[in-house]
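Hi,

Here is the model I promised to pass on. Have a look at it first, and my notes follow below.

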Amino acid sequence: MVTAVVISLFFVTIIGFGYVAQSSTSQAATGPTDFTSESDRVVQLADYSMTTAIQSVNHDETLGSQTARETAVRETLIASVSGLSADGKFRGYDVDVELVEYNGEKTVAGTRVTQNQNSVLNGTDSAGNPVSNWTAVSGAKQTSQAVFSLESDELATAGDQNPFTLKLSNSSTSQNVSVFQNGADIVLEHDDGQCSIEAPSEVTVDFISGTVNGMSCSGYDVPSTIETIAIANGHNASGTYTIVGLGEPSAIAGSEVGVTSTAPSSSSADTPTGHHVVYAVPVKLTIATDHTTTTRLVIVAPGKPVNPLPT
């Protein structure tokens, strides 16, 4: 069983350069292109299976505590790759995944902030009143997801001085991104320019990658590490969203976010709702054939591309 995924500077700091290899061919790697093409296929397949397993657990509303989610993730992670192996999906490779621990951590805690019921994108103050300018996460070590599905006809129009805006920032830089209507188009305007698409009834904006309904926005460039995501003019947009940041809810969820112990049930959260998720899991990955065995220490982290630790 197997995996690999992006390692941010945060994880390199935690883990260091933990790499062990016994191989008749050099597999020392700094990125996925350094794997052989076939072992890369194995890595990609196992990673997809394990990240899907983590996301499934993180969205499970029946798991009522952080401990329950962490236990379920570890069990599901192993089972997901065992199933692929039993079905012969690795085609001649023996793949093994072993759960490991760094600095006492078997899983790395994150926070998911979501609104899964179509509603105005305001926050909620301590008195329960809606606020249009609010913070989703603050002080996160990084964020891996910020995806919004927006109702086109609820967006402000061109010329409005208060369009729906996200500010993505860290301690040294920021990017402001606004979304509004302009005739038949939806416009995504950022600090370095703008792009537009013909307006369907709903648009999905990935504020991390800078895509609108899957299409890239030219010149879009967000900070490589996003620590804070703040919303301005939430009253000028309606829809749903998911934001995932690295850190405990008690540490990074904004004050206008209602924190719960469980994931909200489907279409039940009409205001910002935060809860603990498993952000990443460290594992030892072994890929073997009759002639070659390669072992790596890697991080499984949904929303991050495959990238083994460097030697």
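Predicted model: local features only at pLDDT ≥ 70, side-chain atom pairs only at ≥ 80, totals over all residues.

One term before anything else: I call a residue buried under 20% relative accessible area, exposed over 50% and partly exposed in between, with a 1.4 Å probe and protein chains only. By that cut-off, Phe148 and Tyr241 are both buried.

Local features need pLDDT of at least 70 and side-chain atom pairs count only at pLDDT 80 or more, while totals for chains, interfaces and linings use all residues; side-chain values use heavy atoms, with hydrogens and water left out.

Aromatic rings

I pair rings of Phe, Tyr and Trp (the six-membered ring for Trp) if their centres lie within 6.5 Å, and call planes under 30 degrees apart stacked, over 60 edge-to-face and the rest tilted. That rule gives four aromatic pairs. In one of them, Trp134 and Tyr241 have ring centres 6.2 Å apart and planes at 45°, so this pair is tilted. Strands here are DSSP runs of E, at least two residues, numbered from the N terminus. Trp134 sits in strand S6 (residues 134-137) and Tyr241 in strand S16 (residues 238-246), so the pair ties together parts 107 residues apart in sequence. Trp134 is buried, as is Tyr241.

Tyr241 also pairs with Phe148: centres 4.9 Å apart, planes at 20°, so that one is stacked. Phe148 belongs to strand S7 (residues 143-151) and Tyr241 to strand S16, so here the parts tied together are 93 residues apart in sequence. Ring pairs join Trp134, Phe148, Phe164, Phe207 and Tyr241 into a cluster.

Nonpolar cores

A nonpolar core is a set of buried Ala, Val, Leu, Ile, Met, Phe, Trp, Tyr and Cys residues joined through side-chain atoms within 4.5 Å. The largest has 34 residues, and Phe148, Leu150, Phe164, Phe207, Ile229 and Ile243 touch the most other members. Apart from it lies another core of 23 residues, including Phe90, Val95, Leu285 and Val300.

Disulfide

There is one disulfide (cysteine sulfur atoms within 2.5 Å). Cys195 and Cys217 form it, with sulfurs 2.1 Å apart, and at -120° about the S-S bond the link is left-handed. Cys195 is in strand S11 (residues 193-198) and Cys217 in the loop between strand S14 (215-216) and strand S15 (228-232), so the pair ties together parts 22 residues apart in sequence. Cys217 counts as buried, at 6% relative accessibility.

Cheers

Terms used: Residues numbered from 1 in each chain as written. Helix = DSSP H or I, 4+ residues; strand = E, 2+ residues; numbered from the N terminus.
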